[in-house]
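Please open the structure in your viewer and keep the selection panel at hand.

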Protein chains: 2
Amino acid sequence: MLKDLPQYDCLLKAAERYPELDPSANEAFLNLLRTGDLVFEVINHFLTQNNISQGRFTVMMLLRRHWVENCTPASLAEEAGVTRATMTGLLDTLEKDGMIVRQADTQDRRTLHVHLTDQGSACLDSILPGHFQGVSRVMSPLTHSERKELVRLLQKIQEQLTPEPPKATR
Amino acid sequence: MLKDLPQYDCLLKAAERYPELDPSANEAFLNLLRTGDLVFEVINHFLTQNNISQGRFTVMMLLRRHWVENCTPASLAEEAGVTRATMTGLLDTLEKDGMIVRQADTQDRRTLHVHLTDQGSACLDSILPGHFQGVSRVMSPLTHSERKELVRLLQKIQEQLTPEPPKATR
DNA sequence: ATAAAGAGATTAGGAGGCTAATAATTACTC
DNA sequence: GAGTAATTATTAGCCTCCTAATCTCTTTAT
């Protein structure tokens, strides 16, 4: 959303009208959203060409990351940051396409376990090199230290918005 | 998407398996997407409480920015960065709620002109102060110079991804 | 003048988010 | 041990985004 960002001097002028408007905060905010959107679009375009959506890709990456039986729809939803209802839909289409399977738990008959199939694993392997190349290309204008600085600034914002720090075990 | 970001050392390990994986690029990429998502969520939550979506809010802000008759569905779609079909849907709901009106062009019977109604303008005025406060809060962990540095880094990425520089007339 | 091409807006159909409500199972409490 | 509460997964209904197709009108070419 919002392809044409307002210029900084325009924000200054608007701030005269709205005393709550902090120009530098707004500028950073708009650029953050816009850049995130652009980057998402690039990666999403690549994934779409390979007939997979961002959501499905995330699920498959999570399944590979855990590489064992500990994945339930609820845990995947939690890690992916979507609702369980959404995860049900994602798993539906992934299962329909043969990328994953759902297996009943022998202990607790409420819970299911989700596995990547061989086909799903092969699909992921065929996509990942191109995906990582795309990520590298997107970030190519920044030097190593600039990337580190960007991450530092972004994490300061994240900490503001989440109870704990960015978490990131595993 | 992706609440739990992989740790940097985990990326290093994965890079052994995938030679295309650039750890620092990937770390920056994941943090950018995650932060953008978090920030969007915060703002979207505020707007939702005021019974308006991000898309509708963007359209109303664009209408106010132009403050005259030069807005057509096509130009709004272009500026907002969505398809015309999407804009049609947004304008439908905005018109249904009495926020905007569509008027026929006297010259060219294909084109329409979109205007903010008084009610739409009042609605925007009631929302903006809270919105700007939210933006300031989100960016509060960063100093002024950190915000400027963040914008600089983000714009370098944007330039990589768009033919021209971030544009931003007006 | 008329046919073809182009441009504006819309419609139809699909995907993936969300919330809220439901069904089945397990855990708690007294 | 019976009843209530909590948990797991799902369904239903809504919204917003997309692409592709359609309809109307204007411009261009012949």
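**A tour of the interface**

Begin by selecting Asp22(A) and Arg147(B), which form a salt bridge (a side-chain nitrogen of Lys or Arg within 4 Å of a carboxyl oxygen of Asp or Glu) whose closest N and O atoms are 3.1 Å apart. The model is predicted, so local features need pLDDT of at least 70 and side-chain atom pairs count only at pLDDT 80 or more, while totals for chains, interfaces and linings use all residues. Residues are numbered from 1 along each chain as its sequence is written, chains are lettered from A and ligands numbered from 1 in the order in which they are written, and side-chain values use heavy atoms, with hydrogens and water left out.

Then show both chains together. The contact (heavy atoms within 4.5 Å) takes 77 residues from chain A and 77 residues from chain B. Across this interface there are eight salt bridges.

Finally, colour chain A by pLDDT, the predictor's confidence in each residue, from 0 to 100. Chain A averages 85, and 86% of its residues score at least 70. Select residues 164-170 of chain A, where pLDDT stays under 50. Where pLDDT is low, the predicted coordinates should not be read in detail.
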